[in-house]
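The sequence and model are shown first.

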Amino acid sequence: RDLHDSVSSPLLAGLAHTRHGDQSVDGADGRGVIVQAQIERALGAMREVVRGASSPALLAETLADVRFEAVERLRGGGLEVHWPISDPGGSSLSGPARDALVAFVRETVSNILRHADATTVIVTVAPMDDPILGGFVLQIDDDGRGLPAGQTAGGSGLPNLHARAATLGGRCEISGRPDARGTRVRLHVPGAA
């Protein structure tokens with residue numbers, strides 16, 4: 001699961017750059033630099049998997065890191081991304097929870113890049129409504145072709161999302177978007193994981 005979610009993500013991003021190019025970089029040499037960076041990120045992720053769980057981290061720092069990576073990958077694949085910076089509060093994540101959150105976002109981004117045929121991705125992070133439990137909700141919407149009717153599992157990617165959510169002590173919902181075509185992935189994480 002770790003190799004699938006964490007190592008394959010930057011490799012797929014490198015492939016996306018070779019297929020679509022990067023509009024901000026001119027020429028094949030520029031694309032080569034981007035692909036090299038994605039391969040280096042994959043090697044770093046592989047080292048993390050081999051070492052085991054990372055150290056505890058603040059939720060805000062983890063989300064900032066994963067936001068930077070996800071936006072870079074999605075834009076490299078030619079998608080428009082809206083992910084406003086938000087304050088999820090000062091909670092911290094254990095090492096395994098941090099790794100699960102990072103892998104959850106990586107796998108969702110990989111699924112969008114590989115399967116959605118989307119043009120836009122919108123990500124929001126908001127506190128949960130429960131003032132006692134606390135926690136947060138991460139929502140990732142794409143405007144792609146959506147899932148076949150009734151499909152919320154299949155392959156390795158979607159079951160991995162549910163497993164990552166469970167590691168965080170939360171749950172994952174995967175559905176069509178109510179207002180447009182596309183897919184909505186929601187991660188509900190109560191309290192500090």
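Which residues in the largest nonpolar core touch the most other members?

The model is predicted. Its largest nonpolar core has 34 residues, and those touching the most other members are Trp83, Leu101, Ile112, Leu138 and Leu187. Two or more residues come from each of α3 (59–76), α4 (95–116), β4 (120–127), β5, α5 (157–167), β6 (171–176) and β7 (183–189). Helix α4 supplies the largest share, eight residues.

Leu101 is in contact with Leu59, Thr62, Leu63, Leu93, Phe136, Leu138, Leu168 and Leu187, leaving aside neighbours within four places in sequence. In α5, the buried residues are Gly157, Leu158, Asn160, Leu161, Ala163, Arg164 and Ala165. Just after this helix, Gly169 has a positive phi of about 75°.

## Strand pairing

Strand β4 pairs with β2 (residues 80–82) in parallel, through three bridges. With β5, strand β4 pairs in the antiparallel sense over seven bridges.

Ile122 in β4 takes part in both pairings: His82 stands opposite Ile122, and in β5 the bridge partner of Ile122 is Asp141.

## Asp142

Asp142 lies in strand β5, which spans residues 136–142. Asp142 is buried but has no salt bridge; Arg177, the nearest side chain of opposite charge, is 6.1 Å away. A polar atom of the Asp142 side chain does lie 2.8 Å from the backbone nitrogen of Gly144.

Leaving aside neighbours within four places in sequence, the contacts of Asp142 include Ile112, Ala116, Thr120 and Val121. Arg177, Arg181, Gly182 and Thr183 are also among them.

## Salt bridges

The whole structure holds five salt bridges. One of them joins Glu69 and Arg106, with an N to O distance of 2.8 Å. Glu69 belongs to helix α3 and Arg106 to helix α4, so this pair ties together parts 37 residues apart in sequence. Both Glu69 and Arg106 are buried.

Arg171, Glu173 and Arg186 are linked in a network of salt bridges. The Arg171 and Glu173 side chains meet at 2.3 Å, N to O. Between Arg186 and Glu173 the closest N and O atoms are 3.9 Å apart; this pair links strand β7, which holds Arg186, to strand β6, which holds Glu173, 13 residues apart.

Terms used. Residues are numbered from 1 along each chain as its sequence is written. This is a predicted model: local features need pLDDT of at least 70, side-chain atom pairs count only at pLDDT 80 or more; totals for chains, interfaces and linings use all residues. Side-chain values use heavy atoms; hydrogens and water are left out. Helices (H or I, at least four residues) and strands (E, at least two) are DSSP runs, numbered from the N terminus. Buried means under 20% relative accessible area, exposed over 50%, partly exposed in between (1.4 Å probe, protein chains only). Lys and Arg count as positive and Asp and Glu as negative; His and the chain ends are not counted. A salt bridge is a side-chain nitrogen of Lys or Arg within 4 Å of a carboxyl oxygen of Asp or Glu. A polar contact is a pair of N or O atoms within 3.5 Å; within protein, one must be able to donate a hydrogen and the other to accept it, and residues adjacent in sequence count only if both atoms are side-chain atoms. Contact means heavy atoms within 4.5 Å. A nonpolar core is a set of buried Ala, Val, Leu, Ile, Met, Phe, Trp, Tyr and Cys residues joined through side-chain atoms within 4.5 Å. Two strands pair if DSSP finds at least two bridges between them.
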